[in-house]
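Please open the structure in your viewer and follow the stops below in order. Each stop says what to select and what is found there.

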Amino acid sequence: MENQAIYSISLIVNQKPYSIKVLPEHTLLDVLRDQLDITGPKECCGVGECGACTILMNGKAVNACLILAVEADGSNLVTIEGLGGKDNLSPLQQAFVDAGAVQCGFCTPGMIMAAQYLINTNPNPTEEDVRLGLEGNLCRCTGYSRIIQAVLSVAQNKEHNVP
Amino acid sequence: MRTFSYLRPTNLSTLFAMIQKSAPDYRLLAGGTDLLVRLKSGKFSPNTIIDIKGVTELQSGINMEGSTLTIGALTNMATLESEKSILETYPALAEAVHNVGSIQIRNRASIAGNLCNASPAADSAPALLIYDARVTCISARGERQLPLAEFIVGPGKTALAVDELVKEIILPIPAANQAAAFTRLTRRKGVDLATISLCCQVNTSGITRFALGAVGPVPFIVEEKEGILTSGTVSLEDKKACISELMEKATPISDVRASKEYRQAMLTVLGLRALSTALERLKAIQ
Ligand code: FES
Ligand code: FES
């Protein structure tokens, strides 16, 4: 098996089970995007510095670019697609739209997943908590104020649907 | 990333057998937050990756028993920073790990991985040094314990043999008459490596210790035993001068984060800051 090994893994992504074959050198992000066509999580830095690839893995916010697909065998994942779609936006997604917290949108899926994790673990964050919770997510467009506003508005609303 | 064989043992004896078969061209995978970066850059290109997350004897966890606290190798930073026993008994450690990367990183990064990378800037190291951490290393040949100061031997170098790994980190319960605080200088909060990371511990016998990271090839401790820094009557100016003299033992380099002159100057500032927090904490428990 030495160098051409292929590994069979099972994943649950957005509540849907998958059984797939992966190469050891492929990251979870590669597999989500290229094999499963789940392209919400983005690759930007690829080294854990920008947060564009943020997803929930067994309930924890993680950078999918820093996890091997084979390592994720058996895990339960939620990506931005799992929160809601065009016709049924989640409260957080709706808040981003309402607050004008999206410009080019490249950071948004990761930003929202990090924000969702924050709200799941701390339903009543202060502004400082939100800033800290999003410290691993870079946005080159919005200047962050509207993103923070959006997250705070949902937190204060208290009707977040937690997947 | 170059391809490799991926192995995931479920117990120590299988792990040792795999190590024996693969050594020296293998890497252990825990959280992966540093390893994947190096695999991607090509800095590491091992034939075999052994994922140790499934090894039952190495599970994560924090246990206080008798006069020590044991931190399992696989314990991640997010667990450490929020664990009650750490927050209450080792606050400087909680502060230090809270500063590692982002929450996405801390949810994965393991304490053993952070130490094994032996980065001069590893944030956990100064706090663990201040609390007199020991590292349990294991291999098929047996177990041994090393003081942390002997475990990290150079930038990126540990005392681990090629077939050895970290099993746990052991902290003695600190004496009742001490208090410690952590502080850190970075260009950007979140994700950036420390420009300086520093831990200060004071006790009621007048001993002040500073553990310094990112200002020398390895994290290390400097001490002041005359009671100058803990004194209520010595002037701020004299304390500054005293810290500045202690900090001369540091050998910072210039890099993308800061010049060596800036680091040297900031050591005194950070030292004073951490000292005042530590002294406040000491007062609060007296
Ligand atoms: S792409 Fe994963 S953190 Fe930037
Ligand atoms: S909206 Fe463009 S990077 Fe954030």
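Select domain 1 of chain A and domain 2 of chain A: their C-alpha centres lie 20 Å apart. An automatic or database domain assignment sets the bounds, giving 7-82 for domain 1 and 83-157 for domain 2 of chain A. This is a predicted model, in which local features need pLDDT of at least 70 and side-chain atom pairs count only at pLDDT 80 or more, while totals for chains, interfaces and linings use all residues. Residues are numbered from 1 along each chain as its sequence is written, chains are lettered from A and ligands numbered from 1 in the order in which they are written, and side-chain values use heavy atoms, leaving out hydrogens and water.

Next, show the interface of these two domains. In chain A, 19 residues of domain 1 are in contact with 14 residues of domain 2 (contact means heavy atoms within 4.5 Å). About 1,300 Å² is buried between domain 1 and domain 2 of chain A, with 65% of that from carbon and sulfur atoms; this buried area is the accessible area (1.4 Å probe) that two parts lose on being put together, summed over both.

Now move to chain B and select B:Ala73. Is this residue buried or exposed? B:Ala73 is buried, with a relative accessible area of 1% (buried means under 20%, exposed over 50%, partly exposed in between, with a 1.4 Å probe and protein chains only). Among the residues that B:Ala73 touches are B:Ser110, B:Ile111 and B:Val166, leaving aside residues up to four places away in sequence.
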